[in-house]
Every structure is written in structure tokens, then in C-alpha cells.
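Please have a look at the model below before reading on. These notes are meant to be read alongside it, one point at a time.

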Amino acid sequence: MFEAVIFDMDGTLTIPAIDFAKLREEIGCQDEDIIDGINMLPVEARGRAWEIVERHEKEAMRNLRLTPGVPELMRKLDSAGLRKGLLTRNSRSSFDEFAVKTGFKFDIVVDRSFPFLKPHPGAVIHMLGEWKIHPSRALVVGDYIHDIHCGKAAGASTCLLLNENNRRYGEIANFAVPDFFALDRIIFE
Ligand SMILES: [Mg+2]
């Protein structure tokens, strides 16, 4: 039985709204991780790159649509007394807008200002330390390989929310689910 669930935001709690291909093209980074890609740019080009990222994040928030089943699961986690964490590589202002629009409350939110970003397990280790919860009692849920690697490296269980582009990561995660109703069963059954 889990005592904590840590969620990714984009593409997990929300229906994917960031066009990463377009974002990469505008920034001029290829296949590499976007944040690594920006850090590899000359210092004077990074400010502009972050502005592009923030514009895309704002646009995604304007078009915010929740993944079906999310509000129900949030309420159920609250009533069951499980800890809820949110771990995103988005900016704090992007999360703040999400929180205002949805009314969701999390016990801990980690955004990209945290020194260790996914796939580094630092943020998960930090949350579990704060909550004094053993990693084996925590589930990390996300839609990308970084989410799964991050949870695994922290010693937590992991669940991939399947979409049409990520099926190949399914075998790395402990669980792979098509929707939040299946995730609900993993947590509560
Ligand atoms: Mg995601």
C-alpha cells in the first residue's frame, strides 16, 4: 500500500499541450534534453531560450485541460490521507497558474528552480525525506522516461501513463496504465 504519490504535471495531470518539437526548433536544440540543450548554448543566448520556454508554458496553461479522472483521484488521495507531491521541470509561475485553475493542493511542489532536475532522483528523495516515508511506499507517476528513471533511482515504484509516443518506456516502469482510472486501481486495490 502506498503512502505517497508524486506526479509529473505536463502530459500526466494535464493533457499534453506543449509542442516540444516546435519548442526545440525555436530554441535550436536537437535531440538532447531541452534544459541541457539550453545550458549548452552560449551564455548570452540562454535568456532568449528561457523566454521561449516560458512562452510555450504560458500558452499550455491557457489551454489547460486535465486528464480525465484526475480531480477524482486527487480527492480520493486526500480522503485516504496519502501525501501528494508534484514534480515538474516547469517554472513556478506555470505551476502557480495550474494551482489557481484547478484548486489542487500538494504537500510539496518542486519546480525547475530545484538544484536537481529529473531524471535526477534528488527531488523525490527530498520529498520522501520531508515526509519520512520509505521509498518502497511511494509511487512516482509520469508520462516520460525522465519520470520513470527519477522514481526508480530514488527507490520508489513507478507508473507510466501511456500515450501514443511513450509505449517503449512501459517495460522500464513497474506499472504502465492507459488512464487515471487504472492508476486509481493500482493505488487503492
Ligand atoms: Mg510530462
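1. On the numbering and the kind of model: residues are counted from 1 along each chain, as its sequence is written. The model is predicted, and for that reason local features need pLDDT of at least 70 and side-chain atom pairs count only at pLDDT 80 or more, while totals for chains, interfaces and linings use all residues.

2. On the domains: the domain assignment of the protein chain gives domain 1, made of 4–16 + 65–188, and domain 2, made of 20–62, where the bounds come from an automatic or database domain assignment. The C-alpha centres of domain 1 and domain 2 are 23 Å apart. Their contact takes eight residues from domain 1 and five residues from domain 2, two residues being in contact if their C-beta atoms, placed from the backbone, lie within 7 Å.

3. On the domain 1 side of that contact: helix 6 (residues 92–102) gives the largest share, with three residues; helices (H or I, at least four residues) and strands (E, at least two) are DSSP runs, numbered from the N terminus. By type, this side of domain 1 has two nonpolar, three polar and three charged residues. Here Ala, Val, Leu, Ile, Met, Phe, Trp, Tyr, Cys and Pro count as nonpolar, Asp, Glu, Lys and Arg as charged, and the others, Gly among them, as polar.

4. On the sheet: six strands form an open sheet in the order 3-2-1-4-5-6, with parallel pairing, and two strands pair if DSSP finds at least two bridges between them. Why is one side of strand 3 (108–110) and of strand 6 (175–177) left without a neighbour in the sheet? Both strand 3 and strand 6 stand at the edges, and each has a single partner strand, so one side of each has no neighbour there. Strand 2 (residues 83–87) pairs with strand 3 in the parallel sense over three bridges, and Leu-87 stands opposite Val-110 in strand 3.

5. On the helices against the sheet: helix 8 (residues 145–153) lies across strand 4 (138–142) and strand 5 (157–161), and runs at about 165 degrees to strand 4. Helix 9 (residues 180–188) also packs on the sheet, where it touches strand 1 (4–7), strand 4, strand 5 and strand 6, and its direction makes about 145 degrees with that of strand 6. Axes are lines fitted to C-alpha atoms, for helices over the stretch in contact, and angles run from 0 to 180 degrees between N-to-C directions.

6. On helix 5 and helix 9: the axes of helix 5 (residues 70–80) and helix 9 come within 9 Å and cross at roughly 20 degrees, which makes helix 5 roughly parallel to helix 9. Angles under 35 degrees count as roughly parallel, over 145 as roughly antiparallel, 65 to 115 as roughly perpendicular and the rest as oblique. In this contact Val-70, Leu-73 and Lys-76 in helix 5 meet Phe-180, Leu-183 and Asp-184 in helix 9, and the residues divide into four nonpolar, no polar and two charged.

7. On helix 2 and helix 4: helix 2 (residues 20–27) and helix 4 (residues 43–62) pack at an angle of about 160 degrees, with their axes 9 Å apart, and are therefore roughly antiparallel to each other. Leu-23, Glu-26 and Ile-27 in helix 2 meet Ala-49, Ile-52, Val-53 and His-56 in helix 4.

8. On the backbone: most residues other than glycine have a negative phi, and most peptide bonds are trans. The peptide bond from Lys-118 to Pro-119 is cis, with omega near 10 degrees, and Pro-119 is in the loop between strand 3 and helix 7 (122–131). Lys-132, in the loop between helix 7 and strand 4, has a positive phi, near 55 degrees.
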